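Have the viewer open and follow along.

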Amino acid sequence: MSCDLVLRGGTIIDGTGSPARTGDVAVTGGRISAVGPELTTRGRREIDITGAVVCPGFIDLHSHADFTVMGAPGAPTQLLQGVTTLVTGNCGFSPFPVVPEHADELRALCGFLDDNLSWEWTTAAGYADAVGRLPLGVNLALQTGHGALRVAAMGTGDRPPAPRELERMRQLLAATADDGAVGFSSGLIYPPGMYADTTELTALAEVAAAHGLLHSTHMRSEGAGLAGAVDEALTVARDSGVRLQISHLKAAGVANWGTVGDALERIEAARADGLDVAADQYPYSASSTTLTTLLPDWALDGGVAALLDRLADPERYRSMAAEMTAALEAGTFRPERVTLAGLPDDDDPRHGHLIGRTVADAAAELGTPPAETVLDLLAAHGGQIASIHHSMSEDDVRHVMRHPGVAVASDGWILRRSGPGRPHPRSFGTFARVLGHYSRDESVLGLPEAVRKMTGLPASRLGWTDRGVLRPGAAADLVVFDPGTVVDRSTFAEPWRTAHGVAHTLVAGRFAVEDGEATGAGAGRVLGRPGADAG
């Protein structure tokens, strides 16, 4: 009997958490055809991987690559750390659905993420068709953002939806599910998601539940209000019946360090009551988002255009500055912990040199108070400034990482190997960092458990039984890496550095990385839900 490929003599870690074992893996027609010790199957190609680990390709449950894939469809930053599938549409942001009367609002809302999207579609199916024509390096699985639904139905205003508007959101969500979306996401610190109440979220989550979607939520608070935010997310899940994924679980703000333990206990109690809930995490003590998250909620009512109008109005500018200064005095705004990561025009002669520096540094150089510095920079750059917030505790990162119900996920979106600004290292090194730093060097996780959190666990959250596991019949999305040398090389000072130690990454049985180099094979595709996609 022959097959396309046999990987011989590797350390097999199958994605279930089972102990490692030595054996061979055979691949035929894009699927795993055999797994076992000393297979007699012969391959048209055979590779000796003795000393290396072979495991399922990594599934990133939390990515924003739907906004960047057109700029870098080959996704080398992902493949070089072993990622073969990206789950997109998180934090309430998705590039669909699009309606003509609110298209500009949606594009502005997502502007800080957008890397050369063509915006040629209106539906999830249209988006999937557009990206499916690209030479995709990785698989994509699409979620529908609550923010996009709200914009499509009612714009970006701070008000409850009228009954017909809520029904329109429900209809649009159902349509995206019919188009193959795997989830529904909410981002409750971002406009317009922050303006939604629990009743609105539950009404949408009911539709998600009816269509078998996962609800991924960036909760309403990750700081002082963490406990209440967890309770709200659990209430929505309990009342709607939706499966719940709590995104990038953390406790932000020095005063809130240590409260992740309580959050995990609330999740565990809900699971004991029968609720289908889990969480994910990136392995860093800093987050990354848009600088507008530092503003009062009311400043963002009506979207980016309305914000820019307020910044140009002296009275409302002073009101924003006063509230931000009060937050600084209360310790919830820490300008020395916020770094400017990118401008829409990074070579801007006025402020380009401030990239990589803190708001406190920028304020000192510009001679303005920190609150006014933030407002002036946003006004000068169309409200589109990326930022990094060093707000979490390393002890909390480790505590969350050890929990068996928490998957590894990046919250990244950079797919290209070089570019402007100083983006968060998580786009380049999340999975290698867990394997190298936290598993090998710090023993926070055993290697089989670390792999499970990147493979079998995220696959189970999406109901996939033929991905995230290394067994006959499963998709031949595979990673071969050196457990002794795998490492993340991206840092906050030098982020544009890809991971090291992955020898081979296979997508659908084709080499996307071979001998440590991306091949440009383009074997990825858009995946759907079980039953909605043959994948």
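A bit of bookkeeping for the strands: helices (H or I, at least four residues) and strands (E, at least two) are DSSP runs, numbered from the N terminus, and two strands pair if DSSP finds at least two bridges between them. Residues are numbered from 1 along each chain as its sequence is written, and side-chain values use heavy atoms, with hydrogens and water left out. The model is predicted, so local features need pLDDT of at least 70 and side-chain atom pairs count only at pLDDT 80 or more, while totals for chains, interfaces and linings use all residues.

Now look at the hairpin formed by strand 2 and strand 3, which has two residues between its strands. Gly29, in the turn, has a positive phi of about 60°. Strand 2 (residues 21–28) and strand 3 (residues 31–36) run antiparallel, joined by five bridges, and Ala26 stands opposite Ala34 of strand 3. Strand 2 also pairs in the antiparallel sense with strand 1 (residues 2–12), over six bridges; there, Gly10 has Gly23 as its bridge partner.

Next comes an open sheet of six strands in the order 9-10-11-12-13-17, with parallel pairing. Its edge strands are strand 9 (143–145) and strand 17 (406–408), each pairing on one side only. From one strand to the next, the twist averages 30°. Zoom in on strand 13 (residues 277–281), which pairs with strand 17 in the parallel sense over three bridges; Gln281 has Val408 as its bridge partner in strand 17.

How do helix 13 and helix 14 pack? Helix 13 (residues 394–402) meets helix 14 (residues 426–441) at an angle of about 100°, with the axes 13 Å apart. (Axes are lines fitted to C-alpha atoms, for helices over the stretch in contact, and angles run from 0 to 180 degrees between N-to-C directions.) That makes helix 13 roughly perpendicular to helix 14, a label for angles of 65 to 115 degrees. Contact means heavy atoms within 4.5 Å, and here it is made by Glu394, Val397, Arg398 and Met401 of helix 13 and Val434, His437 and Tyr438 of helix 14.

Conventions:
Angles under 35 degrees count as roughly parallel, over 145 as roughly antiparallel, 65 to 115 as roughly perpendicular and the rest as oblique.
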